[in-house]
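Have the viewer open and follow along as we go.

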Amino acid sequence: MGEKFHTLEERMKILSEGTKYDSCNSTTVCHTWTPDGRCIQLYKTLLTNRCSGECLYCPNRAGREVTCASLQPEEIVKITWDFYRRNAIEGLFLSSGVIGDPEHTSQRQLEVLKALRGSGFAGYIHVRLMPGVPRDLIREVSLYANKFGVNAETTCQSRYDEICPNFDYGNDILRRMGWTYDAVRRRRQEVRYGESIVGANDTQFVVGATDEPDREIIETIDRFRGRYGLRRPFFMSFDPVPGTPLADGKASPLWREVRLYQVSYLLKDYGMRYRDLDTVLDDRGFLPDEDPKLVLARLNRDAFPVDVNTASYAELIRVPGIGPRTASRIVRCRPILDYPTLATMGVVLKRARPFLVVAGHRQADLEA
(Lines give C-alpha, C1' and ligand atoms only; values in the text may rest on other atoms or scores of the structure.)
Protein backbone atom coordinates (compact mmCIF):
# COMPACT_ATOMS: atom_id res chain seq x y z
CA MET A 1 0.00 0.00 0.00
CA GLY A 2 1.38 3.40 -0.90
CA GLU A 3 2.22 6.08 1.62
CA LYS A 4 -0.75 8.42 2.01
CA PHE A 5 -1.04 11.64 3.98
CA HIS A 6 -1.19 11.12 7.73
CA THR A 7 -1.04 13.61 10.55
CA LEU A 8 2.05 13.66 12.74
CA GLU A 9 0.19 11.87 15.53
CA GLU A 10 -0.99 9.16 13.12
CA ARG A 11 2.51 8.64 11.77
CA MET A 12 3.95 8.46 15.29
CA LYS A 13 1.45 5.75 16.18
CA ILE A 14 2.07 3.73 12.98
CA LEU A 15 5.85 3.87 13.37
CA SER A 16 5.82 3.06 17.09
CA GLU A 17 3.68 0.01 16.38
CA GLY A 18 6.08 -0.86 13.58
CA THR A 19 8.93 -1.41 16.04
CA LYS A 20 7.23 -4.57 17.34
CA TYR A 21 10.17 -6.72 16.24
CA ASP A 22 12.75 -4.25 17.51
CA SER A 23 11.56 -3.96 21.10
CA CYS A 24 9.32 -5.52 23.70
CA ASN A 25 5.98 -3.99 22.76
CA SER A 26 4.14 -1.82 20.25
CA THR A 27 3.64 1.30 22.36
CA THR A 28 5.34 4.67 21.97
CA VAL A 29 7.60 4.09 24.99
CA CYS A 30 9.95 1.17 25.60
CA HIS A 31 12.52 0.40 28.27
CA THR A 32 16.23 -0.29 28.37
CA TRP A 33 18.91 -0.60 31.04
CA THR A 34 21.89 1.64 31.65
CA PRO A 35 25.30 0.12 32.55
CA ASP A 36 24.53 0.64 36.25
CA GLY A 37 21.34 -1.42 35.92
CA ARG A 38 18.87 1.48 35.96
CA CYS A 39 15.73 0.98 33.87
CA ILE A 40 14.86 4.00 31.72
CA GLN A 41 12.05 4.93 29.33
CA LEU A 42 12.74 5.71 25.67
CA TYR A 43 10.61 7.14 22.90
CA LYS A 44 10.79 4.44 20.24
CA THR A 45 10.14 4.86 16.58
CA LEU A 46 11.08 3.83 13.07
CA LEU A 47 12.26 6.34 10.52
CA THR A 48 9.92 4.52 8.15
CA ASN A 49 8.08 1.22 8.03
CA ARG A 50 8.68 0.98 4.30
CA CYS A 51 11.36 -1.69 3.85
CA SER A 52 13.27 -3.42 1.05
CA GLY A 53 14.02 -6.39 3.32
CA GLU A 54 12.14 -9.66 2.86
CA CYS A 55 12.32 -11.09 6.41
CA LEU A 56 9.58 -13.71 6.48
CA TYR A 57 8.25 -12.94 9.96
CA CYS A 58 8.24 -9.13 9.76
CA PRO A 59 5.04 -7.06 9.40
CA ASN A 60 7.04 -4.46 7.43
CA ARG A 61 8.59 -6.85 4.90
CA ALA A 62 8.78 -5.80 1.25
CA GLY A 63 5.64 -6.62 -0.74
CA ARG A 64 3.29 -6.91 2.23
CA GLU A 65 0.21 -4.70 2.22
CA VAL A 66 0.79 -2.26 5.06
CA THR A 67 -0.09 1.33 5.86
CA CYS A 68 3.18 3.14 5.16
CA ALA A 69 4.45 6.14 7.08
CA SER A 70 7.71 8.03 7.59
CA LEU A 71 9.16 10.66 9.85
CA GLN A 72 11.80 13.12 8.77
CA PRO A 73 14.94 13.35 10.96
CA GLU A 74 13.98 16.85 12.08
CA GLU A 75 10.54 15.61 13.14
CA ILE A 76 12.05 12.85 15.29
CA VAL A 77 14.37 15.38 16.88
CA LYS A 78 11.45 17.68 17.73
CA ILE A 79 9.27 14.87 19.10
CA THR A 80 12.12 13.52 21.23
CA TRP A 81 12.83 16.94 22.70
CA ASP A 82 9.12 17.51 23.41
CA PHE A 83 8.82 14.23 25.34
CA TYR A 84 12.17 14.78 27.06
CA ARG A 85 11.30 18.28 28.31
CA ARG A 86 8.06 16.93 29.78
CA ASN A 87 10.04 14.20 31.61
CA ALA A 88 8.01 11.57 29.75
CA ILE A 89 11.17 9.86 28.47
CA GLU A 90 14.89 9.75 29.16
CA GLY A 91 16.00 9.03 25.61
CA LEU A 92 15.33 7.67 22.13
CA PHE A 93 15.18 4.20 20.59
CA LEU A 94 15.58 4.55 16.82
CA SER A 95 15.18 1.86 14.18
CA SER A 96 13.91 1.79 10.61
CA GLY A 97 12.90 -0.24 7.65
CA VAL A 98 15.68 -0.51 5.07
CA ILE A 99 15.29 2.61 2.92
CA GLY A 100 16.70 1.45 -0.43
CA ASP A 101 19.97 0.15 1.03
CA PRO A 102 21.59 -0.11 4.48
CA GLU A 103 24.03 2.77 3.89
CA HIS A 104 21.32 5.30 3.03
CA THR A 105 19.23 4.16 6.00
CA SER A 106 22.13 4.47 8.43
CA GLN A 107 22.97 7.92 7.09
CA ARG A 108 19.41 9.04 7.84
CA GLN A 109 19.66 7.61 11.35
CA LEU A 110 22.96 9.44 11.80
CA GLU A 111 21.25 12.71 10.82
CA VAL A 112 18.91 12.26 13.79
CA LEU A 113 21.76 11.53 16.18
CA LYS A 114 23.88 14.46 15.07
CA ALA A 115 20.96 16.89 15.23
CA LEU A 116 19.97 15.72 18.73
CA ARG A 117 23.47 15.89 20.17
CA GLY A 118 24.17 19.13 18.30
CA SER A 119 21.15 20.74 19.95
CA GLY A 120 22.39 19.78 23.41
CA PHE A 121 20.42 16.56 23.95
CA ALA A 122 22.10 14.65 26.80
CA GLY A 123 19.60 11.79 27.03
CA TYR A 124 20.12 8.13 26.22
CA ILE A 125 20.17 7.04 22.55
CA HIS A 126 19.74 3.43 21.44
CA VAL A 127 20.06 2.74 17.71
CA ARG A 128 19.15 -0.41 15.80
CA LEU A 129 21.47 -0.52 12.79
CA MET A 130 20.70 -2.23 9.49
CA PRO A 131 22.24 -5.52 8.27
CA GLY A 132 25.09 -4.61 5.93
CA VAL A 133 25.72 -1.14 7.42
CA PRO A 134 29.13 0.25 6.27
CA ARG A 135 31.98 0.23 8.77
CA ASP A 136 32.60 3.98 8.67
CA LEU A 137 28.97 4.68 9.61
CA ILE A 138 29.20 2.30 12.57
CA ARG A 139 32.20 4.29 13.72
CA GLU A 140 30.26 7.57 13.41
CA VAL A 141 27.24 6.20 15.24
CA SER A 142 29.53 5.18 18.13
CA LEU A 143 30.30 8.86 18.73
CA TYR A 144 26.66 9.70 19.46
CA ALA A 145 24.81 6.55 20.64
CA ASN A 146 24.84 4.93 24.06
CA LYS A 147 23.87 1.54 22.66
CA PHE A 148 23.76 0.25 19.11
CA GLY A 149 23.97 -2.95 17.10
CA VAL A 150 22.63 -5.19 14.35
CA ASN A 151 19.93 -7.79 15.00
CA ALA A 152 21.23 -11.35 14.78
CA GLU A 153 17.59 -12.60 14.76
CA THR A 154 18.69 -16.24 15.13
CA THR A 155 21.65 -18.48 15.88
CA CYS A 156 23.36 -19.53 12.63
CA GLN A 157 23.55 -19.12 8.84
CA SER A 158 21.14 -21.93 7.99
CA ARG A 159 18.42 -20.67 10.34
CA TYR A 160 18.97 -17.09 9.17
CA ASP A 161 18.53 -18.16 5.54
CA GLU A 162 15.11 -19.53 6.50
CA ILE A 163 13.77 -16.19 7.67
CA CYS A 164 15.93 -13.44 6.09
CA PRO A 165 16.60 -14.54 2.50
CA ASN A 166 18.06 -11.30 1.16
CA PHE A 167 20.76 -10.80 3.81
CA ASP A 168 23.85 -12.86 4.59
CA TYR A 169 24.37 -13.92 8.21
CA GLY A 170 28.16 -14.11 8.05
CA ASN A 171 28.74 -10.85 6.18
CA ASP A 172 25.75 -8.61 6.94
CA ILE A 173 25.37 -9.66 10.59
CA LEU A 174 28.45 -11.27 12.16
CA ARG A 175 31.01 -9.08 10.40
CA ARG A 176 29.02 -5.99 11.42
CA MET A 177 28.86 -7.23 15.00
CA GLY A 178 32.66 -7.45 14.93
CA TRP A 179 32.91 -3.90 13.56
CA THR A 180 30.51 -2.69 16.24
CA TYR A 181 32.69 -4.26 18.94
CA ASP A 182 35.76 -2.61 17.43
CA ALA A 183 33.99 0.77 17.44
CA VAL A 184 32.95 0.34 21.09
CA ARG A 185 36.46 -0.58 22.20
CA ARG A 186 37.99 2.28 20.26
CA ARG A 187 35.49 4.72 21.71
CA ARG A 188 36.27 3.58 25.25
CA GLN A 189 39.95 4.22 24.65
CA GLU A 190 39.27 7.70 23.27
CA VAL A 191 36.72 8.92 25.79
CA ARG A 192 37.85 11.82 27.94
CA TYR A 193 37.08 12.54 31.56
CA GLY A 194 33.57 13.90 31.95
CA GLU A 195 32.23 12.56 28.65
CA SER A 196 29.02 10.62 29.10
CA ILE A 197 28.75 8.74 25.80
CA VAL A 198 30.60 5.45 26.03
CA GLY A 199 28.74 3.05 23.77
CA ALA A 200 27.79 -0.60 24.19
CA ASN A 201 26.77 -3.12 21.56
CA ASP A 202 23.65 -5.24 21.59
CA THR A 203 21.62 -7.56 19.39
CA GLN A 204 18.21 -9.23 19.31
CA PHE A 205 16.78 -12.70 18.71
CA VAL A 206 13.31 -13.50 17.38
CA VAL A 207 12.57 -16.47 19.62
CA GLY A 208 10.80 -19.40 17.99
CA ALA A 209 10.77 -18.24 14.37
CA THR A 210 12.92 -21.21 13.28
CA ASP A 211 12.10 -23.71 16.06
CA GLU A 212 15.56 -23.31 17.56
CA PRO A 213 15.97 -24.82 21.07
CA ASP A 214 16.91 -22.60 23.98
CA ARG A 215 20.23 -24.42 24.29
CA GLU A 216 21.21 -23.06 20.87
CA ILE A 217 20.25 -19.49 21.80
CA ILE A 218 22.09 -19.65 25.13
CA GLU A 219 25.23 -21.03 23.50
CA THR A 220 25.06 -18.29 20.84
CA ILE A 221 24.73 -15.55 23.47
CA ASP A 222 27.71 -16.93 25.36
CA ARG A 223 29.77 -17.05 22.16
CA PHE A 224 28.74 -13.53 21.15
CA ARG A 225 29.74 -12.23 24.58
CA GLY A 226 33.25 -13.55 24.11
CA ARG A 227 33.68 -12.83 20.42
CA TYR A 228 31.80 -9.54 20.03
CA GLY A 229 31.65 -8.16 23.56
CA LEU A 230 27.85 -8.43 23.50
CA ARG A 231 26.55 -6.46 26.45
CA ARG A 232 22.88 -7.33 26.50
CA PRO A 233 20.78 -9.47 24.15
CA PHE A 234 17.14 -8.61 23.59
CA PHE A 235 14.44 -11.16 22.82
CA MET A 236 11.17 -10.97 20.92
CA SER A 237 8.78 -13.90 20.98
CA PHE A 238 7.75 -14.92 17.47
CA ASP A 239 4.14 -14.02 16.77
CA PRO A 240 2.75 -14.96 13.32
CA VAL A 241 1.78 -11.92 11.25
CA PRO A 242 -1.07 -12.21 8.71
CA GLY A 243 0.09 -11.70 5.15
CA THR A 244 3.62 -13.00 5.75
CA PRO A 245 5.07 -16.39 4.71
CA LEU A 246 5.13 -17.46 8.38
CA ALA A 247 1.51 -16.51 9.03
CA ASP A 248 0.62 -20.16 9.79
CA GLY A 249 3.52 -20.62 12.20
CA LYS A 250 3.11 -21.32 15.90
CA ALA A 251 3.52 -18.39 18.29
CA SER A 252 6.27 -18.68 20.87
CA PRO A 253 5.00 -18.35 24.47
CA LEU A 254 5.92 -15.07 26.15
CA TRP A 255 7.25 -16.87 29.22
CA ARG A 256 10.04 -18.35 27.08
CA GLU A 257 11.23 -14.82 26.32
CA VAL A 258 11.20 -14.03 30.06
CA ARG A 259 13.27 -17.12 30.92
CA LEU A 260 15.85 -16.28 28.24
CA TYR A 261 16.21 -12.80 29.71
CA GLN A 262 16.83 -14.38 33.12
CA VAL A 263 19.47 -16.68 31.62
CA SER A 264 21.16 -13.72 29.91
CA TYR A 265 21.48 -12.02 33.31
CA LEU A 266 23.11 -15.17 34.72
CA LEU A 267 25.63 -15.13 31.87
CA LYS A 268 26.42 -11.42 32.12
CA ASP A 269 26.00 -10.51 35.78
CA TYR A 270 26.77 -13.81 37.53
CA GLY A 271 29.76 -14.99 35.51
CA MET A 272 28.12 -18.23 34.35
CA ARG A 273 28.83 -19.99 31.06
CA TYR A 274 26.28 -21.77 28.90
CA ARG A 275 27.48 -25.20 30.06
CA ASP A 276 26.65 -24.23 33.65
CA LEU A 277 23.01 -24.12 32.59
CA ASP A 278 22.81 -27.49 30.83
CA THR A 279 21.17 -29.16 33.82
CA VAL A 280 18.30 -26.65 33.74
CA LEU A 281 17.30 -27.65 30.18
CA ASP A 282 15.01 -30.53 29.32
CA ASP A 283 15.92 -33.40 26.98
CA ARG A 284 15.04 -31.30 23.92
CA GLY A 285 17.17 -28.37 25.06
CA PHE A 286 14.36 -26.07 26.25
CA LEU A 287 14.05 -24.09 29.49
CA PRO A 288 11.18 -24.83 31.89
CA ASP A 289 8.76 -22.06 32.81
CA GLU A 290 10.54 -21.40 36.09
CA ASP A 291 13.32 -19.05 37.22
CA PRO A 292 16.52 -20.80 36.05
CA LYS A 293 18.47 -19.55 39.05
CA LEU A 294 15.97 -21.19 41.40
CA VAL A 295 16.08 -24.41 39.39
CA LEU A 296 19.89 -24.44 39.57
CA ALA A 297 19.80 -23.95 43.33
CA ARG A 298 17.40 -26.84 43.76
CA LEU A 299 19.58 -29.07 41.59
CA ASN A 300 22.61 -28.22 43.73
CA ARG A 301 21.20 -28.74 47.20
CA ASP A 302 24.56 -29.82 48.59
CA ALA A 303 25.79 -26.23 48.18
CA PHE A 304 23.11 -24.88 50.53
CA PRO A 305 22.32 -23.43 52.96
CA VAL A 306 25.07 -20.79 53.10
CA ASP A 307 25.84 -18.65 56.12
CA VAL A 308 25.43 -14.97 55.25
CA ASN A 309 28.23 -14.06 57.64
CA THR A 310 30.86 -16.43 56.25
CA ALA A 311 29.85 -17.15 52.65
CA SER A 312 31.94 -15.74 49.84
CA TYR A 313 30.52 -13.31 47.28
CA ALA A 314 30.48 -16.14 44.71
CA GLU A 315 28.42 -18.30 47.07
CA LEU A 316 25.99 -15.52 47.92
CA ILE A 317 25.09 -14.64 44.32
CA ARG A 318 24.03 -18.26 43.74
CA VAL A 319 21.26 -17.81 46.32
CA PRO A 320 17.82 -17.11 44.77
CA GLY A 321 16.68 -13.65 45.81
CA ILE A 322 20.24 -12.25 46.06
CA GLY A 323 21.73 -10.35 43.14
CA PRO A 324 25.29 -9.05 42.60
CA ARG A 325 24.74 -5.65 44.21
CA THR A 326 22.91 -7.15 47.17
CA ALA A 327 25.67 -9.74 47.65
CA SER A 328 28.23 -6.92 47.69
CA ARG A 329 26.22 -5.07 50.36
CA ILE A 330 26.08 -8.20 52.52
CA VAL A 331 29.84 -8.71 52.31
CA ARG A 332 30.47 -5.06 53.24
CA CYS A 333 28.00 -4.92 56.13
CA ARG A 334 28.64 -8.17 58.00
CA PRO A 335 27.94 -9.34 60.63
CA ILE A 336 24.21 -9.62 59.93
CA LEU A 337 22.08 -10.81 62.83
CA ASP A 338 18.53 -11.08 61.51
CA TYR A 339 16.34 -11.46 58.43
CA PRO A 340 14.84 -7.94 58.50
CA THR A 341 18.35 -6.54 58.03
CA LEU A 342 18.74 -8.67 54.92
CA ALA A 343 15.42 -7.37 53.61
CA THR A 344 16.62 -3.75 53.94
CA MET A 345 19.65 -4.68 51.84
CA GLY A 346 17.48 -5.89 48.98
CA VAL A 347 17.28 -9.64 49.64
CA VAL A 348 13.99 -11.19 48.47
CA LEU A 349 13.40 -13.23 51.61
CA LYS A 350 10.51 -15.23 50.19
CA ARG A 351 12.97 -16.79 47.72
CA ALA A 352 16.17 -16.72 49.76
CA ARG A 353 15.14 -18.14 53.16
CA PRO A 354 15.48 -21.87 52.33
CA PHE A 355 19.06 -21.29 51.17
CA LEU A 356 20.38 -19.16 54.05
CA VAL A 357 21.60 -19.41 57.61
CA VAL A 358 21.51 -16.15 59.61
CA ALA A 359 23.19 -15.95 63.04
CA GLY A 360 23.02 -19.73 63.33
CA HIS A 361 19.32 -19.93 62.46
CA ARG A 362 17.56 -21.32 59.40
CA GLN A 363 13.99 -20.14 58.94
CA ALA A 364 12.90 -22.64 56.29
CA ASP A 365 14.33 -25.49 54.27
CA LEU A 366 13.89 -26.76 50.72
CA GLU A 367 11.58 -29.57 51.74
CA ALA A 368 9.27 -27.11 53.51
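Is N87 buried or exposed? With a relative accessible area of 69%, N87 is exposed. Please keep in mind that what you see is a predicted model. You can find N87 in the loop between α2 (73–85) and β3 (91–95), and its backbone deserves a look: phi is positive, about 60°, although the residue is not a glycine.

E153 also has a positive phi, about 70° here, and is not a glycine either. It belongs to the loop between β5 and α5 (157–163).

Staying with the backbone, let's turn to two cis peptide bonds. One runs from F304 to P305, with omega near 0°, and P305 sits in the loop between α9 (292–299) and β8 (306–307). Another joins R334 and P335, where omega is about 10°. P335 is part of the loop between α11 (324–333) and α12 (339–344).

That loop between α11 and α12 also holds D338. This residue is partly exposed, at a relative accessible area of 34%. Its side chain makes a polar contact of 2.5 Å with the side chain of T341. If you step 22 residues along the chain from D338 you reach G360, and the C-alpha atoms of the two are separated by 9.9 Å.

Now for the charged side chains. How many salt bridges does the count come to? The count is 20 salt bridges. One of them pairs K78 with D82, the closest N and O atoms being 3.1 Å apart. Why are these two about one helical turn from each other? They are separated by about one turn because they lie 4 residues apart in helix α2. K78 is exposed, at 53% relative accessibility, while D82 is partly exposed, at 30%.

Another salt bridge brings R256 and D214 together, at 2.6 Å from N to O. This pair links distant parts of the chain, with R256 in helix α8 (residues 254–269) and D214 in helix α7 (residues 214–228), 42 residues apart. Both R256 and D214 are buried.

Helix α7 takes part in a further link, this time through D222. The side chain of D222 meets that of R273 in a salt bridge of 2.8 Å, N to O. R273 lies in the loop between α8 and α9, so the pair ties together parts that are 51 residues apart in sequence. D222 counts as buried, at 6% relative accessibility. Salt bridges with shared partners also join R135, D182 and R185 into one network.

Two or more residues come from each of β5 (147–150), α6 (169–190) and β6 (200–207), with β6 giving the most, 3 residues. By class, this lining has 2 nonpolar, 4 polar and 1 charged residues.

Methods: Residues are numbered from 1 along each chain as its sequence is written. This is a predicted model: local features need pLDDT of at least 70, side-chain atom pairs count only at pLDDT 80 or more; totals for chains, interfaces and linings use all residues. Side-chain values use heavy atoms; hydrogens and water are left out. Ala, Val, Leu, Ile, Met, Phe, Trp, Tyr, Cys and Pro count as nonpolar, Asp, Glu, Lys and Arg as charged, and the others, Gly among them, as polar. Buried means under 20% relative accessible area, exposed over 50%, partly exposed in between (1.4 Å probe, protein chains only). A polar contact is a pair of N or O atoms within 3.5 Å; within protein, one must be able to donate a hydrogen and the other to accept it, and residues adjacent in sequence count only if both atoms are side-chain atoms. A salt bridge is a side-chain nitrogen of Lys or Arg within 4 Å of a carboxyl oxygen of Asp or Glu.
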